[in-house]
Amino acid sequence: MHDFAACQPQATNVILHAFDWPYHRVTAHAQAIADAGFKAVLVSPPMKSLRASPATPWWQRYQPQDYRVIDNQLGNTEDFRQMTASLKALNLEVYADVVFNHMANESKTRCDLHYPDQTVLRDYQQQAAHYESLKLFGDLSEPLFTEQDFVSAFPIRDWTDPWQVQHGRISGGQEDPGLPTLSCNENVVKAQQAYLRALKTMGVSGFRIDAAKHMTLTHLKQVWDAEIADGVHIFGEIITDGGATREEYELFLKPYLEQTSLGAYDFPLFHALFKVFEQQGSMAELINPYSVGQALAFDRAITFAVTHDMPNNDVFLDQVMCEENEQLAYCYLLGRDGGSPLIYADLDTSGLSNQAGRPRWVDSWQNPLLQRMIHFHNQVHGQPMQCLEYSDSHLVFSRGEQGVVAINKGQREQVITLPTGKYTDWLAMPGVVVESFEKAGPQLQLRLPARSGAMLIATKNK
């Protein structure tokens with residue numbers, strides 16, 4: 001077991017998931033992202049993948065052809081380098097999504113498992129100066145991987161069998177040969193480490209491990225050794241249907257947490273949030289979900305209200321919260337203590353609309369209410385969390401002496417007595433009022449309308 005946690009940056013940043021954004025778009029918005037309070041930006045996989053005119057779908061970014069150059073629909077190595085420099089100049093961390101479980105499914109055009117294929121290698125030779133300028137490492141005159149770098153091909157049929165999940169191919173059905181699964185051998189590990197070192201050299205300080213559930217723990221620990229992990233925030237995608245005692249948690253997430261010190265998507269907490277806000281669960285379940293196995297440890301959790309898979313894959317569509325509940329979930333995630341909140345924003349890859357008929361997550365990161373939540377998070381970071389009041393429909397907790405968070409998911413107004421002091425409500429949602437009343441001396445109360453939240457910052461009398 002590697003003790004990665006000690007060498008990773010403090011995992012408290014609010015991360016913008018700029019999902020499938022071209023690199024030049026991230027560069028153009030760098031200052032606005034910093035002003036919004038984000039501390040890190042996660043970008044889609046910076047590898048070589050298929051590009052075409054007018055465009056390829058988002059999932060092509062998750063079908064790598066080569067690690068040695070960045071050349072895909074989002075830009076190339078130079079675009080990525082400019083983006084990284086722009087973000088670092090504003091003290092924004094750069095996180096990269098990496099795909100190490102598999103390579104692209106190109107079975108419709110060829111039978112071999114050479115990556116990249118002969119067509120790409122020919123392009124490298126014909127445009128040698130161009131691709132040399134894009135090269136991250138290695139020799140572009142030969143394939144990065146060949147047949148010996150892949151496990152035997154078979155589709156995953158039993159998704160509760162860890163061996164099948166970690167050795168079989170992810171496929172779309174019986175007619176789909178699936179994504180060729182890489183072996184954990186010396187050549188694969190060496191190439192993947194060379195790629196990570198190259199990205200670190202360019203300024204990348206965080207890695208999201210795509211499909212980490214499908215990689216063996218041996219493979220994960222060999223790639224992310226102490227040197228690679230030094231000074232880097234690393235977190236894996238281990239999709240589960242809930243927290244402790246749930247089958248997928250016990251089979252996949254629990255061993256990952258026990259045998260590595262890497263971070264992970266907090267699917268246990270997400271399912272707790274979904275139950276509370278979408279399925280009439282009690283707000284009491286959010287007082288301390290970690291204590292009952294429904295949330296990950298504060299320093300390992302990537303917390304979220306939606307991931308890119310949920311709106312973009314039919315199988316996960318039923319996990320998309322309504323817009324109002326997603327807003328309340330963010331109020332909780334950005335108000336609570338623990339984890340690195342991940343805020344999803346796309347360019348309408350899903351085609352889903354919000355209540356106003358506009359694309360649901362396009363520029364959602366610019367929502368003023370969300371940005372006020374982020375600034376509250378940054379203001380009270382590190383302050384202890386204590387429950388002050390709760391019922392099935394509302395929850396109130398303090399953040400030390402600096403702030404108070406109140407959420408009312410119910411259909412009736414809640415009137416809440418506040419700790420002694422003076423407060424400013426940073427959210428200023430419609431109908432929320434902080435007012436004085438007399439009861440054995442002057443006191444303050446918060447009037448919290450139905451389906452609303454408040455984030456109060458304690459202010460000192462001048």
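Start at the largest pocket, with a volume of about 1,400 Å³. Next, select W59, Q63, I170, L179 and N313, the closest to its centre among the 45 residues that line the largest pocket. Colour α4 (118-126) and α12 (309-312), the elements that give two or more residues to this lining. The lining of the largest pocket divides into 14 nonpolar, 17 polar and 14 charged residues.

This is a predicted model: local features need pLDDT of at least 70, side-chain atom pairs count only at pLDDT 80 or more, and totals for chains, interfaces and linings use all residues. Residues are numbered from 1 along each chain as its sequence is written, and side-chain values use heavy atoms, with hydrogens and water left out.

A pocket here is an open set of points on a 1 Å grid over the protein atoms alone, where a 1.4 Å probe fits, with protein on both sides within 12 Å along at least five of seven lines; lining residues have an atom within 4 Å of a point.

Move to the second largest pocket, about 390 Å³ in volume. Select E323, E326, R360, S364 and N367, which lie nearest its centre among 19 lining residues. Show α13 (323-335), β10 (340-345) and α14 (368-380); each supplies at least two lining residues. α13 gives the most, with 4 residues.

Last stop: V188, in helix α7 (residues 186-201). V188 counts as buried because its relative accessibility is 0% (buried means under 20% relative accessible area, with a 1.4 Å probe and protein chains only). Leaving aside neighbours within four places in sequence, V188 is in contact (heavy atoms within 4.5 Å) with F145, D149, L182, S183 and H219.

Notes:
Buried < 20%, exposed > 50% of the residue type's maximum accessible area, 1.4 Å probe, protein only. Points joined across faces, edges and corners; volume = space filled by probe spheres on them. Nonpolar A, V, L, I, M, F, W, Y, C, P; charged D, E, K, R; others polar.
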